[in-house]
Amino acid sequence: MADDRNFRSHYYEKVGFRGVEEKKSLEILLKEQPLDLQRLSQFCLRFPLPTTFREIVWKVLLGMLPAHQSIHEFVTEQRTKQYEDLEHALHVMRKIDNTTPLPTVFLHMYCIEEGRFIFDDIQLKNEVESKVFMGMAGVFLEMLNDNRVDAYWLTKGFYKLQEKHKDIINILCEQTEVYLKKEAPNLYNHLAAVNTLQALPCRAWFSTCFTNVLPEGVIERVWDVIIGGSYKVMVDISVALLMALERPLLKLTNTNDIIKCLLQELPEGKADMVVSKGLEMWQKSGCLLMPSGKQETLIEQAG
């Protein structure tokens with residue numbers, strides 16, 4: 001029953017409608033004083049967020065705005081001023097100019113705030129963490145129509161959320177192999193035979209939260225769940241992605257060719273199918289409502 005309801009919810013979203021009950025429930029949650037962060041997180045885990053409310057829910061859950069709505073306007077003003085001060089400082093130091101790409105600007109700002117400012121731009125941009133940060137920044141800028149202030153603070157909040165789970169990425173990679181063997185044994189055996197299982201780009205997928213393979217119009221559905229508190233959902237998305245590409249992968253025997261195939265951005269239609277399948281598998285796995293603080297325990301038990 002729950003699966004049917006979630007399927008219908010996604011269908012209504014695609015054709016421009018939302019489930020009335022779900023939307024009303026979220027509207028009620030957003031009128032609470034103060035906002036109940038746990039209940040908002042649970043909503044993200046149970047239903048796709050309506051586009052009209054996604055921004056405010058993300059801002060609150062990622063810490064850009066506080067739970068007390070009475071001070072949202074003041075906090076927004078302070079966030080804007082802080083952004084402008086950081087941007088001005090970078091101009092004074094001649095680290096950026098009006099032609100500098102915004103993801104690069106955001107990266108320099110973040111480094112200043114974190115107290116790890118690096119003067120060697122080439123070294124900074126080549127760091128894996130920097131590429132992850134800038135990739136996320138690009139997605140938020142596209143989602144928010146280049147609203148640089150909001151995009152910066154959401155990028156920072158989402159990146160910090162991802163950083164909290166770095167220690168379990170290896171476990172997630174192992175779980176992906178286990179799940180793939182169960183769901184797609186022929187593909188698993190083929191990848192094992194060509195010695196590619198250990199080379200699958202799971203770490204790249206998990207560290208970037210799929211910014212390198214899922215287009216902006218689709219990835220937000222995955223990020224709803226991650227922001228809601230379930231990092232494990234990416235295992236299911238990874239397996240769904242591998243299953244969707246099973247036919248071309250079975251024709252490849254070279255590891256580099258396989259990795260190249262898996263790191264290409266999917267067309268939106270195919271990406272939408274992958275995410276729908278991945279979310280369906282995630283729901284069936286029993287991880288529908290799970291506080292993020294219990295991620296490590298759950299994954300260890302699953303192993």
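## Basis of the description

Because the model is predicted, local features need pLDDT of at least 70 and side-chain atom pairs count only at pLDDT 80 or more, while totals for chains, interfaces and linings use all residues. Residues are numbered from 1 along each chain as its sequence is written, and side-chain values use heavy atoms, with hydrogens and water left out.

## The protein as a whole

The secondary structure consists of 18 helices and 0 strands, where helices (H or I, at least four residues) and strands (E, at least two) are DSSP runs numbered from the N terminus. Of the 303 residues, 50% count as buried; buried means under 20% relative accessible area, exposed over 50%, and partly exposed in between, with a 1.4 Å probe and protein chains only.

The accessible surface comes to about 15,100 Å², and 51% of that surface belongs to carbon and sulfur atoms; the areas come from the Shrake-Rupley method with a 1.4 Å probe, and for residues only the protein chains shown count as cover. Among contacts (heavy atoms within 4.5 Å) between residues at least 6 apart in sequence, 70% join residues at least 24 apart.

## Helix 5 against helix 6

The axes of helix 5 (residues 72-92) and helix 6 come within 10 Å and cross at roughly 100°, the axes being lines fitted to C-alpha atoms, for helices over the stretch in contact, with angles from 0 to 180 degrees between N-to-C directions. The two helices are therefore roughly perpendicular to each other, since angles of 65 to 115 degrees count as such, whereas those under 35 count as roughly parallel, those over 145 as roughly antiparallel and the rest as oblique.

On the helix 5 side, Gln82, Tyr83, Leu86, Glu87 and Leu90 meet Leu102, Val105, Phe106, His108, Met109, Ile112 and Glu113 of helix 6. The residues of this contact divide into 8 nonpolar, 2 polar and 2 charged; Ala, Val, Leu, Ile, Met, Phe, Trp, Tyr, Cys and Pro count as nonpolar, Asp, Glu, Lys and Arg as charged, and the others, Gly among them, as polar.

## Val105 in helix 6

Val105 is found in helix 6 and counts as buried because its relative accessibility is 2%. Leaving aside neighbours within four places in sequence, Val105 is in contact with Leu90, Ile96 and Thr100. The C-alpha atoms of Val105 and Tyr152, which are 47 residues apart along the chain, are separated by 9.2 Å.

Helix 8 (residues 128-143) has 16 residues and reaches 23 Å from its first C-alpha to its last, close to the expected 22 Å, a span taken as 1.5 Å times one less than the number of residues. Its buried residues include Phe133, Met136, Phe140 and Leu141, and the buried residues of helix 8 pack against helix 4 (51-61), helix 6 (102-114), helix 7 (121-126), helix 9 (148-164), helix 12 (202-208) and helix 13 (216-228).

Just after helix 8, Asn145 takes a positive phi of about 55°. Asp146, in the loop between helix 8 and helix 9, has a positive phi of about 65° although it is not a glycine, and Asp146 is exposed, with a relative accessible area of 53%.

## Other loop features

Phe210 lies in the loop between helix 12 and helix 13 and has a positive phi of about 75° although it is not a glycine; Phe210 is buried, with a relative accessible area of 0%. In the loop between helix 2 (20-29) and helix 3 (37-46) lies Pro34, which is joined to Gln33 by a cis peptide bond with omega of about -5°.
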